[in-house]
Amino acid sequence: MVRALLAERGPHARKLRRVVDLLSGDWHTLAELVRLPAVPRRTVQELLTAVGDDLETSRDRFRLAPAKAADYAEFRAGDDLVDPVDALVPRHGEHLRSILADIADVPPPLAALDHVQATPETALKRALWLDTTYDLAGRTLLCLGDHDLTSLAVCAVNPAVEVVVVDVDDRLLEHVSTRARERGWSVRTVHADFRFGLPPAVLESADLVFSDPPYTPEGMALFAARAVECLADLGRGRVLLAYGFSDRTPALGLKVQQELQRLGLVFEAILPAFHRFDGAQAIGSAADLYVCRPTSRRSASPGSAKTAIYTHGPQSVEATGPGSAALAALVDLAPRPESSPPPKPRAPGWADPIGKGAASLAVDLSGDPGPWLLRTLLACSPGRMAALVPNNHPNVSSAAGQQELRSLVDTRFALRFLRSTPDGKHCVVVADQVLAGTLDVGGLTVREVLTRAHGKLGNVWREALVTATRGAMTKREARERIGEHDDLELRLIDLPRHRIAELLPLIRASASR
(Lines give C-alpha, C1' and ligand atoms only; values in the text may rest on other atoms or scores of the structure.)
Protein backbone atom coordinates (compact mmCIF):
# COMPACT_ATOMS: atom_id res chain seq x y z
CA MET A 1 0.00 0.00 0.00
CA VAL A 2 2.90 2.39 0.68
CA ARG A 3 4.29 1.73 -2.80
CA ALA A 4 0.90 2.49 -4.34
CA LEU A 5 0.56 5.70 -2.33
CA LEU A 6 3.99 6.92 -3.45
CA ALA A 7 3.27 5.98 -7.05
CA GLU A 8 0.01 7.92 -6.92
CA ARG A 9 1.89 11.09 -5.99
CA GLY A 10 4.27 10.69 -8.92
CA PRO A 11 7.13 13.21 -8.95
CA HIS A 12 5.74 14.82 -5.78
CA ALA A 13 6.39 11.78 -3.57
CA ARG A 14 9.63 13.19 -2.15
CA LYS A 15 7.97 14.83 0.87
CA LEU A 16 6.08 11.66 1.68
CA ARG A 17 9.34 9.70 1.54
CA ARG A 18 10.70 12.09 4.17
CA VAL A 19 7.81 11.07 6.41
CA VAL A 20 9.05 7.49 6.00
CA ASP A 21 12.54 8.71 6.98
CA LEU A 22 11.12 10.11 10.20
CA LEU A 23 9.15 6.96 10.98
CA SER A 24 12.27 4.87 10.41
CA GLY A 25 14.13 6.76 13.14
CA ASP A 26 12.99 7.94 16.55
CA TRP A 27 9.44 8.42 17.84
CA HIS A 28 7.51 11.36 16.34
CA THR A 29 4.16 12.95 17.04
CA LEU A 30 1.64 13.43 14.27
CA ALA A 31 2.29 17.19 14.45
CA GLU A 32 6.01 16.59 13.79
CA LEU A 33 5.27 14.21 10.92
CA VAL A 34 3.19 17.01 9.39
CA ARG A 35 5.42 20.02 10.12
CA LEU A 36 8.96 18.73 9.47
CA PRO A 37 8.40 17.56 5.87
CA ALA A 38 5.50 20.05 5.31
CA VAL A 39 2.91 17.42 4.37
CA PRO A 40 -0.84 17.94 4.97
CA ARG A 41 -2.21 16.07 7.99
CA ARG A 42 -4.66 14.08 5.89
CA THR A 43 -1.86 12.83 3.62
CA VAL A 44 0.26 11.77 6.61
CA GLN A 45 -2.72 9.91 8.04
CA GLU A 46 -3.12 8.07 4.73
CA LEU A 47 0.53 6.98 4.94
CA LEU A 48 0.13 5.77 8.51
CA THR A 49 -2.90 3.76 7.44
CA ALA A 50 -0.91 2.28 4.56
CA VAL A 51 1.90 1.20 6.92
CA GLY A 52 -0.71 -0.65 8.97
CA ASP A 53 0.53 -3.30 11.41
CA ASP A 54 4.17 -2.32 10.85
CA LEU A 55 3.51 0.90 12.78
CA GLU A 56 4.14 1.22 16.53
CA THR A 57 2.36 3.83 18.67
CA SER A 58 3.10 5.12 22.15
CA ARG A 59 1.48 8.13 23.82
CA ASP A 60 0.40 9.72 20.53
CA ARG A 61 3.81 9.08 18.96
CA PHE A 62 4.61 6.89 15.98
CA ARG A 63 7.48 4.93 14.48
CA LEU A 64 8.10 1.89 12.32
CA ALA A 65 8.62 -1.29 14.27
CA PRO A 66 12.43 -1.70 14.41
CA ALA A 67 12.20 -5.22 13.00
CA LYS A 68 10.32 -3.86 9.98
CA ALA A 69 12.32 -0.67 9.33
CA ALA A 70 14.67 -2.35 6.84
CA ASP A 71 11.68 -3.39 4.73
CA TYR A 72 10.94 0.29 4.07
CA ALA A 73 14.45 1.29 2.95
CA GLU A 74 13.34 1.52 -0.68
CA PHE A 75 10.63 4.05 0.27
CA ARG A 76 12.91 6.47 2.08
CA ALA A 77 14.09 9.80 0.65
CA GLY A 78 17.67 9.07 1.67
CA ASP A 79 18.78 12.69 1.34
CA ASP A 80 19.73 15.35 3.85
CA LEU A 81 18.96 18.54 1.96
CA VAL A 82 19.08 21.67 4.11
CA ASP A 83 17.72 25.07 3.21
CA PRO A 84 20.70 27.50 3.23
CA VAL A 85 18.84 29.88 5.56
CA ASP A 86 17.88 26.96 7.83
CA ALA A 87 21.60 26.22 8.06
CA LEU A 88 22.17 29.70 9.52
CA VAL A 89 19.67 29.23 12.37
CA PRO A 90 21.90 26.97 14.59
CA ARG A 91 24.66 29.59 14.43
CA HIS A 92 22.45 32.10 16.25
CA GLY A 93 21.69 30.18 19.42
CA GLU A 94 21.55 33.28 21.61
CA HIS A 95 19.00 34.95 19.36
CA LEU A 96 16.94 31.76 19.22
CA ARG A 97 16.85 31.53 23.01
CA SER A 98 15.66 35.13 23.20
CA ILE A 99 12.92 34.46 20.63
CA LEU A 100 11.88 31.32 22.51
CA ALA A 101 11.45 33.38 25.69
CA ASP A 102 9.48 36.08 23.87
CA ILE A 103 7.13 33.55 22.27
CA ALA A 104 6.66 31.74 25.57
CA ASP A 105 5.18 34.96 26.99
CA VAL A 106 3.20 36.09 23.95
CA PRO A 107 -0.53 36.55 24.63
CA PRO A 108 -2.58 33.42 23.83
CA PRO A 109 -3.60 33.19 20.17
CA LEU A 110 -7.10 34.29 19.19
CA ALA A 111 -8.84 31.88 16.82
CA ALA A 112 -11.11 34.72 15.68
CA LEU A 113 -8.00 36.46 14.30
CA ASP A 114 -6.62 33.28 12.67
CA HIS A 115 -3.62 33.24 14.99
CA VAL A 116 -1.42 30.18 14.42
CA GLN A 117 1.99 30.49 16.06
CA ALA A 118 5.05 30.22 13.85
CA THR A 119 7.90 28.24 15.35
CA PRO A 120 10.74 30.21 17.00
CA GLU A 121 13.06 28.86 14.32
CA THR A 122 10.79 30.36 11.66
CA ALA A 123 10.80 33.79 13.33
CA LEU A 124 14.60 33.70 13.40
CA LYS A 125 14.75 32.39 9.84
CA ARG A 126 12.62 35.30 8.64
CA ALA A 127 14.95 37.75 10.38
CA LEU A 128 18.08 36.14 8.93
CA TRP A 129 16.63 36.04 5.43
CA LEU A 130 15.61 39.69 5.60
CA ASP A 131 19.01 40.73 6.97
CA THR A 132 20.98 38.77 4.35
CA THR A 133 18.73 39.84 1.46
CA TYR A 134 18.26 43.55 2.18
CA ASP A 135 20.33 46.41 3.59
CA LEU A 136 18.27 46.93 6.73
CA ALA A 137 20.38 49.41 8.71
CA GLY A 138 18.52 52.70 8.94
CA ARG A 139 15.59 51.31 6.94
CA THR A 140 11.98 50.90 8.06
CA LEU A 141 10.38 47.47 8.20
CA LEU A 142 6.63 47.51 8.85
CA CYS A 143 4.91 44.38 10.17
CA LEU A 144 1.20 44.19 9.37
CA GLY A 145 0.17 41.91 12.21
CA ASP A 146 2.88 40.30 14.30
CA HIS A 147 1.67 37.54 16.61
CA ASP A 148 4.75 35.56 15.48
CA LEU A 149 7.02 38.34 16.86
CA THR A 150 8.94 38.75 13.60
CA SER A 151 9.64 42.35 14.68
CA LEU A 152 11.58 41.29 17.78
CA ALA A 153 13.47 38.61 15.85
CA VAL A 154 14.58 41.13 13.20
CA CYS A 155 15.75 43.59 15.87
CA ALA A 156 17.69 40.82 17.60
CA VAL A 157 19.55 40.08 14.36
CA ASN A 158 19.98 43.72 13.32
CA PRO A 159 19.26 46.35 16.02
CA ALA A 160 19.92 49.15 13.51
CA VAL A 161 16.61 48.60 11.72
CA GLU A 162 13.54 50.76 12.41
CA VAL A 163 10.46 48.59 12.94
CA VAL A 164 6.79 49.54 13.05
CA VAL A 165 4.21 46.97 14.18
CA VAL A 166 0.57 47.57 13.23
CA ASP A 167 -1.92 45.13 14.75
CA VAL A 168 -5.53 44.93 15.95
CA ASP A 169 -4.55 42.96 19.07
CA ASP A 170 -3.74 45.41 21.87
CA ARG A 171 -2.30 42.60 24.01
CA LEU A 172 0.27 41.81 21.36
CA LEU A 173 1.20 45.47 20.87
CA GLU A 174 1.90 45.85 24.58
CA HIS A 175 4.04 42.69 24.62
CA VAL A 176 6.13 43.82 21.64
CA SER A 177 6.47 47.36 22.98
CA THR A 178 7.56 46.19 26.43
CA ARG A 179 10.21 43.78 25.15
CA ALA A 180 11.59 46.27 22.64
CA ARG A 181 11.78 49.05 25.23
CA GLU A 182 13.67 46.79 27.65
CA ARG A 183 16.31 46.15 24.99
CA GLY A 184 16.56 49.64 23.57
CA TRP A 185 15.26 48.65 20.14
CA SER A 186 13.51 51.08 17.82
CA VAL A 187 10.06 49.49 17.57
CA ARG A 188 6.91 51.57 17.28
CA THR A 189 3.51 49.96 17.88
CA VAL A 190 0.29 51.24 16.30
CA HIS A 191 -3.28 49.95 16.55
CA ALA A 192 -5.44 49.38 13.46
CA ASP A 193 -8.09 47.08 12.07
CA PHE A 194 -7.05 46.87 8.43
CA ARG A 195 -10.62 46.36 7.24
CA PHE A 196 -11.40 49.95 8.18
CA GLY A 197 -8.24 51.63 6.92
CA LEU A 198 -4.77 52.47 8.18
CA PRO A 199 -3.55 55.25 10.49
CA PRO A 200 -2.31 58.20 8.41
CA ALA A 201 1.07 58.05 10.16
CA VAL A 202 1.98 54.69 8.57
CA LEU A 203 0.89 55.46 5.01
CA GLU A 204 3.82 55.63 2.55
CA SER A 205 6.30 55.26 5.40
CA ALA A 206 8.07 51.91 5.02
CA ASP A 207 10.85 50.43 2.89
CA LEU A 208 9.66 46.83 3.37
CA VAL A 209 6.38 45.38 4.61
CA PHE A 210 6.07 41.88 6.06
CA SER A 211 2.77 40.17 6.82
CA ASP A 212 1.33 36.73 7.60
CA PRO A 213 -2.33 37.42 6.72
CA PRO A 214 -5.44 35.26 7.12
CA TYR A 215 -5.19 32.56 4.44
CA THR A 216 -8.46 33.40 2.70
CA PRO A 217 -8.53 35.16 -0.68
CA GLU A 218 -10.31 38.06 1.04
CA GLY A 219 -7.75 38.24 3.85
CA MET A 220 -4.72 37.99 1.59
CA ALA A 221 -6.08 40.65 -0.77
CA LEU A 222 -6.87 43.09 2.03
CA PHE A 223 -3.55 42.74 3.86
CA ALA A 224 -1.57 42.94 0.60
CA ALA A 225 -3.44 46.09 -0.44
CA ARG A 226 -2.74 47.69 2.93
CA ALA A 227 0.92 46.66 2.64
CA VAL A 228 1.26 48.48 -0.67
CA GLU A 229 -0.31 51.59 0.89
CA CYS A 230 2.46 51.55 3.50
CA LEU A 231 5.38 51.53 1.05
CA ALA A 232 7.22 54.83 0.69
CA ASP A 233 8.75 53.99 -2.71
CA LEU A 234 6.96 51.59 -5.04
CA GLY A 235 10.07 51.11 -7.15
CA ARG A 236 12.31 49.99 -4.31
CA GLY A 237 9.74 48.75 -1.80
CA ARG A 238 8.79 45.12 -1.42
CA VAL A 239 5.81 43.30 0.11
CA LEU A 240 6.72 40.02 1.82
CA LEU A 241 3.83 37.66 2.51
CA ALA A 242 3.45 34.28 4.15
CA TYR A 243 0.85 32.10 2.47
CA GLY A 244 0.19 28.39 2.41
CA PHE A 245 -2.40 26.07 0.90
CA SER A 246 -2.75 22.33 0.84
CA ASP A 247 -1.54 20.49 -2.25
CA ARG A 248 -5.02 18.95 -2.14
CA THR A 249 -6.66 22.34 -2.81
CA PRO A 250 -4.69 24.09 -5.57
CA ALA A 251 -7.80 26.05 -6.60
CA LEU A 252 -7.60 27.99 -3.33
CA GLY A 253 -3.97 28.89 -4.08
CA LEU A 254 -5.04 30.05 -7.52
CA LYS A 255 -7.71 32.36 -6.07
CA VAL A 256 -5.18 33.97 -3.73
CA GLN A 257 -2.58 34.46 -6.45
CA GLN A 258 -5.21 35.98 -8.71
CA GLU A 259 -6.14 38.44 -5.96
CA LEU A 260 -2.49 39.44 -5.54
CA GLN A 261 -2.02 39.89 -9.28
CA ARG A 262 -5.21 41.96 -9.42
CA LEU A 263 -3.47 44.35 -7.01
CA GLY A 264 -0.61 44.73 -9.50
CA LEU A 265 1.88 42.64 -7.52
CA VAL A 266 4.65 40.83 -9.39
CA PHE A 267 6.00 37.63 -7.80
CA GLU A 268 9.76 38.13 -7.70
CA ALA A 269 10.15 34.87 -5.79
CA ILE A 270 8.13 32.19 -4.02
CA LEU A 271 10.17 30.24 -1.46
CA PRO A 272 8.31 26.98 -0.76
CA ALA A 273 7.60 25.82 2.81
CA PHE A 274 9.69 28.68 4.17
CA HIS A 275 7.53 29.18 7.27
CA ARG A 276 6.64 26.43 9.77
CA PHE A 277 3.88 26.55 12.37
CA ASP A 278 2.74 24.85 15.54
CA GLY A 279 -0.65 24.14 14.02
CA ALA A 280 -2.26 24.66 10.58
CA GLN A 281 -1.88 20.94 9.91
CA ALA A 282 -4.36 21.05 7.03
CA ILE A 283 -1.68 22.85 4.99
CA GLY A 284 1.22 20.80 6.33
CA SER A 285 2.00 23.31 9.11
CA ALA A 286 3.93 25.25 6.47
CA ALA A 287 3.61 28.30 4.23
CA ASP A 288 5.55 29.78 1.34
CA LEU A 289 7.29 33.15 1.37
CA TYR A 290 5.99 35.40 -1.41
CA VAL A 291 8.35 38.22 -2.40
CA CYS A 292 6.17 40.74 -4.21
CA ARG A 293 7.03 43.88 -6.14
CA PRO A 294 4.22 46.42 -6.56
CA THR A 295 3.54 48.08 -9.89
CA SER A 296 0.84 50.50 -8.71
CA ARG A 297 -0.60 51.84 -5.47
CA ARG A 298 -4.02 50.23 -5.54
CA SER A 299 -5.75 50.54 -2.19
CA ALA A 300 -8.71 48.73 -0.71
CA SER A 301 -11.37 51.40 -0.54
CA PRO A 302 -13.93 51.23 2.28
CA GLY A 303 -16.57 50.25 -0.23
CA SER A 304 -14.56 47.34 -1.64
CA ALA A 305 -12.82 46.06 1.51
CA LYS A 306 -14.51 42.97 2.90
CA THR A 307 -14.94 42.64 6.66
CA ALA A 308 -15.31 38.83 6.65
CA ILE A 309 -11.71 37.78 6.03
CA TYR A 310 -10.91 35.07 8.59
CA THR A 311 -11.33 31.29 8.57
CA HIS A 312 -12.69 31.03 12.14
CA GLY A 313 -14.94 33.01 14.45
CA PRO A 314 -17.68 35.60 13.98
CA GLN A 315 -15.71 37.52 11.33
CA SER A 316 -14.98 34.46 9.21
CA VAL A 317 -16.02 34.24 5.59
CA GLU A 318 -18.88 31.83 6.41
CA ALA A 319 -20.02 33.37 9.72
CA THR A 320 -23.56 34.52 10.38
CA GLY A 321 -24.72 37.42 12.53
CA PRO A 322 -25.98 37.41 16.11
CA GLY A 323 -29.63 37.00 15.15
CA SER A 324 -32.58 39.33 15.07
CA ALA A 325 -33.56 38.77 18.72
CA ALA A 326 -30.22 40.01 20.04
CA LEU A 327 -30.25 42.99 17.69
CA ALA A 328 -33.79 43.86 18.73
CA ALA A 329 -32.69 43.76 22.36
CA LEU A 330 -29.83 46.10 21.47
CA VAL A 331 -32.25 48.70 20.13
CA ASP A 332 -34.75 48.19 22.96
CA LEU A 333 -32.10 48.51 25.66
CA ALA A 334 -30.46 51.56 24.13
CA PRO A 335 -31.51 54.42 26.45
CA ARG A 336 -32.59 57.50 24.56
CA PRO A 337 -34.37 60.79 25.11
CA GLU A 338 -38.13 60.44 24.78
CA SER A 339 -38.14 62.86 21.87
CA SER A 340 -35.61 60.96 19.79
CA PRO A 341 -36.43 58.08 17.42
CA PRO A 342 -35.20 54.53 18.18
CA PRO A 343 -31.56 54.11 17.11
CA LYS A 344 -30.68 51.91 14.17
CA PRO A 345 -28.01 49.20 14.63
CA ARG A 346 -24.79 49.97 12.80
CA ALA A 347 -21.87 47.76 11.87
CA PRO A 348 -18.51 48.68 13.44
CA GLY A 349 -16.09 50.94 11.57
CA TRP A 350 -14.05 53.76 13.03
CA ALA A 351 -11.93 54.97 10.16
CA ASP A 352 -14.22 58.02 10.40
CA PRO A 353 -16.28 59.16 13.40
CA ILE A 354 -19.66 57.43 13.56
CA GLY A 355 -22.78 58.77 15.12
CA LYS A 356 -21.32 62.25 15.54
CA GLY A 357 -23.89 64.47 17.16
CA ALA A 358 -26.51 61.72 17.38
CA ALA A 359 -28.85 61.73 20.36
CA SER A 360 -28.43 57.97 20.66
CA LEU A 361 -26.65 55.20 18.82
CA ALA A 362 -26.82 51.40 18.72
CA VAL A 363 -23.79 49.48 17.42
CA ASP A 364 -23.52 45.78 16.65
CA LEU A 365 -20.15 44.61 18.04
CA SER A 366 -21.21 40.98 18.40
CA GLY A 367 -18.10 39.87 16.52
CA ASP A 368 -15.69 41.93 18.63
CA PRO A 369 -12.58 39.87 19.52
CA GLY A 370 -11.62 42.52 22.08
CA PRO A 371 -10.46 45.89 20.68
CA TRP A 372 -13.57 47.26 18.96
CA LEU A 373 -15.57 48.36 22.00
CA LEU A 374 -12.98 50.87 23.21
CA ARG A 375 -12.35 52.15 19.67
CA THR A 376 -16.07 52.64 19.11
CA LEU A 377 -16.38 54.62 22.34
CA LEU A 378 -13.48 56.80 21.19
CA ALA A 379 -14.83 57.21 17.66
CA CYS A 380 -18.44 58.20 18.24
CA SER A 381 -20.02 61.22 19.92
CA PRO A 382 -23.62 60.36 20.83
CA GLY A 383 -25.37 61.53 23.93
CA ARG A 384 -26.07 57.87 24.67
CA MET A 385 -24.83 54.66 23.07
CA ALA A 386 -25.56 50.94 23.36
CA ALA A 387 -23.22 48.27 21.97
CA LEU A 388 -23.94 44.55 21.60
CA VAL A 389 -20.83 42.53 22.55
CA PRO A 390 -20.19 38.85 23.36
CA ASN A 391 -20.51 37.74 26.98
CA ASN A 392 -16.89 36.54 26.91
CA HIS A 393 -15.58 39.94 25.81
CA PRO A 394 -12.53 40.83 27.95
CA ASN A 395 -14.15 44.10 29.06
CA VAL A 396 -17.39 42.36 30.02
CA SER A 397 -16.56 38.93 31.42
CA SER A 398 -14.90 40.16 34.65
CA ALA A 399 -15.18 43.05 37.08
CA ALA A 400 -11.53 43.86 36.46
CA GLY A 401 -12.12 44.07 32.70
CA GLN A 402 -15.13 46.32 33.18
CA GLN A 403 -13.18 48.61 35.51
CA GLU A 404 -10.26 48.80 33.09
CA LEU A 405 -12.58 50.06 30.34
CA ARG A 406 -14.27 52.51 32.71
CA SER A 407 -10.89 53.96 33.71
CA LEU A 408 -10.13 54.82 30.08
CA VAL A 409 -13.40 56.59 29.20
CA ASP A 410 -14.82 57.76 32.55
CA THR A 411 -14.52 61.44 31.67
CA ARG A 412 -16.73 60.90 28.60
CA PHE A 413 -19.06 58.02 29.39
CA ALA A 414 -20.64 56.34 32.40
CA LEU A 415 -20.88 52.65 31.54
CA ARG A 416 -23.45 50.01 32.44
CA PHE A 417 -23.30 46.32 31.51
CA LEU A 418 -26.68 44.67 30.85
CA ARG A 419 -26.49 40.90 30.40
CA SER A 420 -30.21 40.17 29.96
CA THR A 421 -30.27 39.54 26.20
CA PRO A 422 -32.67 36.96 24.71
CA ASP A 423 -29.99 34.59 23.42
CA GLY A 424 -27.93 34.64 26.64
CA LYS A 425 -24.73 34.98 24.57
CA HIS A 426 -24.39 38.74 24.48
CA CYS A 427 -24.22 41.77 26.73
CA VAL A 428 -25.40 45.28 25.98
CA VAL A 429 -22.90 47.91 27.11
CA VAL A 430 -24.70 51.19 27.69
CA ALA A 431 -22.65 54.41 27.60
CA ASP A 432 -24.23 57.61 28.95
CA GLN A 433 -22.39 60.82 28.26
CA VAL A 434 -20.83 62.43 31.36
CA LEU A 435 -21.71 66.09 31.90
CA ALA A 436 -18.73 68.41 31.57
CA GLY A 437 -19.84 70.38 34.61
CA THR A 438 -19.07 67.44 36.90
CA LEU A 439 -15.36 67.38 35.99
CA ASP A 440 -12.35 69.28 37.30
CA VAL A 441 -9.86 70.95 34.96
CA GLY A 442 -7.78 67.78 34.63
CA GLY A 443 -10.85 65.71 33.81
CA LEU A 444 -12.02 68.30 31.29
CA THR A 445 -8.63 68.15 29.56
CA VAL A 446 -8.81 64.37 29.26
CA ARG A 447 -12.40 64.61 28.05
CA GLU A 448 -11.40 67.05 25.29
CA VAL A 449 -8.65 64.72 24.10
CA LEU A 450 -10.98 61.69 24.12
CA THR A 451 -13.65 63.65 22.24
CA ARG A 452 -11.22 64.37 19.41
CA ALA A 453 -9.61 60.94 19.13
CA HIS A 454 -9.22 61.32 15.34
CA GLY A 455 -7.05 64.42 15.61
CA LYS A 456 -3.27 64.48 15.84
CA LEU A 457 -2.53 63.95 19.52
CA GLY A 458 -0.05 66.81 19.93
CA ASN A 459 -2.47 69.36 18.48
CA VAL A 460 -5.51 67.98 20.29
CA TRP A 461 -3.72 67.89 23.66
CA ARG A 462 -2.51 71.50 23.31
CA GLU A 463 -5.95 72.77 22.38
CA ALA A 464 -7.56 70.72 25.16
CA LEU A 465 -5.40 72.49 27.75
CA VAL A 466 -6.39 75.90 26.39
CA THR A 467 -10.08 74.96 26.33
CA ALA A 468 -10.16 73.31 29.77
CA THR A 469 -8.45 76.28 31.42
CA ARG A 470 -10.84 78.69 29.64
CA GLY A 471 -7.91 80.43 27.97
CA ALA A 472 -5.92 80.93 31.16
CA MET A 473 -3.20 78.81 29.54
CA THR A 474 -1.83 80.06 26.22
CA LYS A 475 -0.97 77.78 23.32
CA ARG A 476 2.71 78.36 23.97
CA GLU A 477 2.33 77.46 27.65
CA ALA A 478 0.31 74.40 26.69
CA ARG A 479 3.00 73.29 24.26
CA GLU A 480 5.62 73.62 27.00
CA ARG A 481 3.43 71.67 29.44
CA ILE A 482 3.13 68.79 26.98
CA GLY A 483 6.86 68.52 26.30
CA GLU A 484 8.22 65.71 24.15
CA HIS A 485 6.44 62.39 23.64
CA ASP A 486 6.93 59.71 21.00
CA ASP A 487 3.30 59.54 19.97
CA LEU A 488 2.34 63.19 19.48
CA GLU A 489 2.17 62.76 15.68
CA LEU A 490 -0.29 59.86 15.99
CA ARG A 491 -4.03 60.00 16.59
CA LEU A 492 -5.28 58.80 19.96
CA ILE A 493 -7.47 56.18 18.30
CA ASP A 494 -4.37 54.68 16.63
CA LEU A 495 -2.44 54.21 19.86
CA PRO A 496 -2.19 50.77 21.47
CA ARG A 497 -4.47 50.40 24.46
CA HIS A 498 -1.61 50.27 26.97
CA ARG A 499 -0.21 53.51 25.59
CA ILE A 500 -3.58 55.24 25.95
CA ALA A 501 -3.68 54.09 29.58
CA GLU A 502 -0.18 55.52 30.13
CA LEU A 503 -0.96 58.86 28.49
CA LEU A 504 -4.30 59.74 30.12
CA PRO A 505 -2.79 60.37 33.59
CA LEU A 506 -0.09 62.52 31.96
CA ILE A 507 -2.76 64.52 30.13
CA ARG A 508 -4.69 65.00 33.36
CA ALA A 509 -1.56 66.06 35.26
CA SER A 510 -0.52 68.54 32.55
CA ALA A 511 -3.54 70.71 33.41
CA SER A 512 -2.63 71.14 37.06
CA ARG A 513 1.13 71.54 37.24
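Visitor: Is strand 6 mostly covered or mostly open?
Guide: Strand 6 is mostly covered, with four of its five residues buried, where buried means under 20% relative accessible area, exposed means over 50% and partly exposed lies in between, using a 1.4 Å probe and protein chains only. Strands here (E, at least two residues) and helices (H or I, at least four residues) are DSSP runs, numbered from the N terminus.

Visitor: What should I know about the model before going further?
Guide: This is a predicted model, in which local features need pLDDT of at least 70 and side-chain atom pairs count only at pLDDT 80 or more, while totals for chains, interfaces and linings use all residues. Residues are numbered from 1 along each chain as its sequence is written, and side-chain values use heavy atoms, with hydrogens and water left out.

Visitor: Which strand does strand 6 pair with, and in which sense?
Guide: Strand 5 and strand 6 run parallel and are joined by five bridges, and Val-166 stands opposite Val-190 of strand 6. Two strands are said to pair if DSSP finds at least two bridges between them.

Visitor: And what is the order of the whole sheet?
Guide: Seven strands form an open sheet in the order 6-5-4-7-8-10-9, with mixed pairing. Strand 6 (187-191) and strand 9 (265-276) are the edges, and each has a single partner strand, so one side of each is left without a neighbour in the sheet. From one strand to the next the twist averages 20°, with axes being lines fitted to C-alpha atoms (for helices, over the stretch in contact) and angles running from 0 to 180 degrees between N-to-C directions.

Visitor: How many bridges join strand 4 to strand 5?
Guide: Five bridges join strand 4 (residues 140-144) to strand 5 (residues 162-167), and the two run parallel; in this pair, Thr-140 stands opposite Glu-162 of strand 5.

Visitor: Which strands does helix 10 touch?
Guide: Helix 10 packs on the sheet and touches strand 4, strand 7 (208-211), strand 8 (238-243), strand 9 and strand 10 (286-294), a contact being heavy atoms within 4.5 Å. The direction of helix 10 makes about 160° with that of strand 8.

Visitor: Which residues touch the most others in the largest nonpolar core?
Guide: In that core of 82 residues, Leu-142, Val-166, Leu-377 and Leu-492 touch the most other members. Helix 10 (residues 217-230) gives the largest share, eight residues. A nonpolar core is a set of buried Ala, Val, Leu, Ile, Met, Phe, Trp, Tyr and Cys residues joined through side-chain atoms within 4.5 Å.

Visitor: What does Leu-142 touch, then?
Guide: Setting aside neighbours within four places in sequence, Leu-142 is in contact with residues including Val-164, Val-166, Val-202, Phe-210 and Cys-230. There is also a second, separate core of 37 residues, which includes Ile-103, Leu-141, Ala-153 and Leu-240.

Visitor: Switching topic, what is the order of the three-strand sheet?
Guide: That open sheet has the order 1-3-2 with antiparallel pairing. Strand 1 (28-29) and strand 2 (55-58) stand at its edges with a single partner strand each, so one side of each is left without a neighbour in the sheet. Strand 2 and strand 3 pair over four bridges, and they form a hairpin with two residues between them, where Arg-59 in the turn has a positive phi of about 50°.
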